[in-house]
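Q: Hi! I'd like to go through this structure with you, starting with some side chains. Could you take a look with me?
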Amino acid sequence: MGNNSVHETDGGRRPQQQIPVVVLAGFLGSGKTTLLNHLLHRSAGSRIGAIVNDFGAIEIDALAVAGALGDSTVSLGNGCLCCAVDAGELDVYLGKLAAPETGVDVIVIEASGLAEPQELVRMVLASEHPGIVYGGLVEVVDAAEFDDTRARHPEIDRHLALADLVVVNKLDRTADPERVLALVGSLTDRAAVVPATYGRVDPEFLFDCRPSEERIGQLSFDDLHDHDHGDSHGDDHGTDGLGRSGHAGHLHTGYDSLSFVSDVPLDPRRLMRFLDSRPEGLYRIKGHVDLGPNDLRNRYTMHAVGRFLRFYPEPWAPADERRTQLVLIGSGIDTEALGTELKGCESDAPHADEHGMWGVLRYVQGSEDEPGPEPCGG
C-alpha cells in the first residue's frame, strides 16, 4: 500500500483529511456515466473530482459546471486506464485533484467498460500520495442485460467478487428484478448490493456529503444547478428499482445506518474479531475508537470500506471527551445486532492487554505488518 505515514497538521494534533478515491467500474452500457452524473447533480455541497476515460461521455452541463469550479476533471481518452498509465502516473492525476486548492471532497475514477477493476484498485492502493485513501470498488450492473452480459463476459463474476458495492441498475427494465438481485448477491463476497434506476444511488452511501452552508464563499455544483427545477433527465418522478412509484428527491436506493457511541473503552481484540466477521452488506464504517489503557495517548480514527480497513492514531486533546463514536452504513444490515456486537466489544479493564493491539496496529499506515495492496483488509 505504499510507505505512507500519518500526515499530521495542526501542530501534530490531527492527521490531514484524506480524500477517498472511488473506482467506478462496469461493462459498456451498464450506466456508470449516468451514475456519475447523478452524483454530480446530488452531491449536496461536496465537490467531486473525476478521472474519466472518455471526456465526451460526461454530459455537457456537468462538465461546464466542473469547469466553473476549477480543474476538477482529468480526461484520459487514450484507452483503458489500467493499460494507459502506471501507478506512478495515476499518482500524478490523483495529486492534481487532491491538491488543497481544488477543494475536492471525493475522487471518482470512471473506468472504461473494458478496464480490469482489480488492477485499478491495486493502483489506488499502491498510491504514494498521503492525501488520498481507497474509497471502494463500485461495480455497476445492467439488470436488463445481466444474463447476456455474463454469457459474453464471464469475467463479470470475478469482478463482482472483488466489488465493495454493487449497483444493480435498470431494474425497471427487467421482468424479474428479485431474481436478478438474488443472482448478483450470490456472486459477491459480502458486498452491499443496492437496486437502482437511472443510476440513482444516495451519495451518502459512497462518501460523506458536506452541507452546502459549509461552502460559503466558494461555488459548489449545487450553487449552479438548482434542484428545484429537476435534474437534466426529467425523471424526477419515476419508479424505484422494484417498479414502485415515487419522487426522485427521496432516493429509493437508500441505505441502513447505525450510530454507535460508548463512554466505555473498546477491547482491541474483541473489536478486531467484530471487524474480521463484519457481515454481508456492511459497506462503510467511519469514526473513532477509544481503546482505553491499551493506548492512553491516542484515539484511533477508523476508515473501512468493503473489506478495506485502516486505522489512524491521533493524540487526544485535553478537552476531548474520551469516547468511541462510530457510524456504520450498509444495505440490508441488521443494525440492532451490529449494535449489540459492538456493545460486546466494550471493556472497563484497568490494565492493558500486552499483545492486544497487534491486530489494530496491523492496519495503521506505515506499520511493518501493514497488509499488501489487496482490495480487502478484514
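This is a predicted model: local features need pLDDT of at least 70, side-chain atom pairs count only at pLDDT 80 or more; totals for chains, interfaces and linings use all residues.

Q: Which side chain does aspartate 147 meet in a salt bridge?
A: That would be arginine 179, with an N to O distance of 2.7 Å.

Q: Nice. How many salt bridges does the structure hold?
A: There are 12. One of them joins the side chains of arginine 150 and aspartate 157, again at 2.7 Å from N to O. Arginine 150 is partly exposed at 27% relative accessibility, and aspartate 157 is partly exposed at 24%.

Q: What about glutamate 346, which side chain does it meet in a salt bridge?
A: Lysine 343, at 3.4 Å from N to O. Glutamate 346 is buried, with a relative accessible area of 15%.

Q: And which residues are linked in a network of salt bridges?
A: Asp208, Arg284 and Lys286 are linked that way.

Q: Let's switch to helices. Which residues of H11 are buried?
A: In H11 (residues 335-343) they are Leu338, Gly339 and Leu342. Seen down the helix axis, they fall within an arc of 100°, so they line one face of H11.

Q: What do those buried residues pack against?
A: They pack against strand S12 (256-262), helix H10 (268-276) and strand S16 (324-330).

Q: Which exposed residues does the face turned away from the buried side carry?
A: Glu336 and Thr340 are the exposed residues on that face of H11.

Q: Which residue caps the N-terminal end of H11?
A: Aspartate 334 does, with a side-chain oxygen 3.3 Å from the backbone nitrogen of glutamate 336.

Q: Last topic: valine 360. Where does it lie, and is it buried or exposed?
A: Valine 360 is in helix H12 (residues 358-361). It counts as buried, with 0% relative accessibility.

Q: Which residues does valine 360 touch, leaving out those up to four places away in sequence?
A: Valine 360 touches Pro268, Met272, Leu291, Tyr300 and Phe311. For methionine 272, the C-alpha atom is separated from that of valine 360 by 6.9 Å, while the two residues are 88 residues apart along the chain.

Terms used
Residues are numbered from 1 along each chain as its sequence is written. Side-chain values use heavy atoms; hydrogens and water are left out. A salt bridge is a side-chain nitrogen of Lys or Arg within 4 Å of a carboxyl oxygen of Asp or Glu. Buried means under 20% relative accessible area, exposed over 50%, partly exposed in between (1.4 Å probe, protein chains only). Helices (H or I, at least four residues) and strands (E, at least two) are DSSP runs, numbered from the N terminus. Contact means heavy atoms within 4.5 Å. The arc is that of the directions from the helix axis to the C-beta atoms. A polar contact is a pair of N or O atoms within 3.5 Å; within protein, one must be able to donate a hydrogen and the other to accept it, and residues adjacent in sequence count only if both atoms are side-chain atoms.
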